[in-house]
Amino acid sequence: MRLFLPFLKSTVGLRRNMLPIFTEAVAGLSLLRALNNLRLRIFNRTVDTLPIRFIRLFESHGVHRNQISRFFGHGLTLADVQTDASLLAKLNDSMLDDACRLFGVRREWLDGADDQIYQQHHFYKYPKDFIDFIASLKFNNPEGQFEGMVFAPDTDVGDDEAVLIIRESVGFIEDRTIYRFYICDTWVFVYWKCRAYLTACIAIAWKNSIYVQGRYIPRKYIEKIISGTFLLASAGDYVFSDKATSRWHPEDMALYPKAFLHRIDPERDNFGIQAALSTWVELSDQGFMDTGIGEVDAKSSFKNELQKR
């Protein structure tokens, strides 16, 4: 047995010395597999070229590839849009800028330089800017059809945001209306101040004959909309229909205290409720809560509710 002890000791020592080598080898193989998987993903990924984004922009808004030439014009022919190569040969900066203006998307996205498709419009604390925004839309498109949608979270979790979307008609294909969209975000739905300014924008929209509907949807979908990184038009007909989740009436927040206060965080000592009502009255005194629905004496109702608190 003594004869074997040196051999056993040397074997144990060899195994100990080899352990870091085996560990490094395994780590190296894992790295190689990861790099190979990345190479395969890159190799198999469809290249998102300018012609592909151009076609996707139109088709997501309901304009088929074969309809682009007669809907968009700009000298494009049916033959020009049949292949990406023939389309690329015809595209120019003026054409790309006009396509972006037509559908309200950012040129950086169409160029493939950025993932954000839509410009974000912020009107929190600035209802006068929203009035100017609506006036500009109507001035530039006097024959356009306008409507709105408020997506609010279907659960009350912290600082979940709501988003207001304005949809504007920009043309027709056969009997189908083609729209562009505007994202008006930054409304923490349970926060009293955000709720008041959101309500003011809804009232302003109604006053200008832009009728705003409401839907409760899961938070993850609202976050996706607010990110501005997916084409709203691809789901526009669905989300503006009665098929999408539970329906509510945003204009009621400008008319009835109970609807306005629904799901507002009361905060400590009911401060959130009192501040919400007080801000509603203040904005109403400035003319921002007039929906044009004259048969409801909303201001008196809100003042009475405020006195109760």
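**Close-up views of a predicted model**

**View 1. Helix α13 and its covering elements.** In this predicted model, the elements that cover the buried residues of α13 include α11 (257-261) and α12 (271-285). The buried residues in question, within a helix that spans residues 298-308, are A298, F302 and E305. Seen down the axis of α13, these buried residues fall within an arc of 60 degrees, so they line one face of the helix.

**View 2. Strand β2 and its surroundings.** Strand β2 (residues 146-153) is largely enclosed by the rest of the structure, because 8 of its 8 residues are buried. Burial applies to both faces of β2, with F146, G148, V150 and A152 on one side, and E147, M149, F151 and P153 on the other.

**View 3. The strands paired with β2.** With strand β3 (residues 161-173), β2 pairs in the antiparallel sense over 6 bridges, and within β3 the residue I165 is the bridge partner of M149. With strand β5 (residues 211-217), β2 pairs in the parallel sense over 7 bridges, and here Y216 of β5 is the bridge partner of A152.

**View 4. The nonpolar cores.** The largest nonpolar core holds 46 residues, of which F130, F133, V150, L164, W187, L198 and F260 touch the most other members. Helix α8 (residues 192-207) contributes the largest share of this core, namely 11 residues. When its neighbours within four places in sequence are left aside, F133 is in contact with H121, F123, Y182 and C184. A second, separate core of 39 residues has F54, L76, L87 and I173 among its members.

Definitions and conventions: Residues are numbered from 1 along each chain as its sequence is written. This is a predicted model: local features need pLDDT of at least 70, side-chain atom pairs count only at pLDDT 80 or more; totals for chains, interfaces and linings use all residues. Side-chain values use heavy atoms; hydrogens and water are left out. Buried means under 20% relative accessible area, exposed over 50%, partly exposed in between (1.4 Å probe, protein chains only). Helices (H or I, at least four residues) and strands (E, at least two) are DSSP runs, numbered from the N terminus. The arc is that of the directions from the helix axis to the C-beta atoms. Contact means heavy atoms within 4.5 Å. Two strands pair if DSSP finds at least two bridges between them. A nonpolar core is a set of buried Ala, Val, Leu, Ile, Met, Phe, Trp, Tyr and Cys residues joined through side-chain atoms within 4.5 Å.
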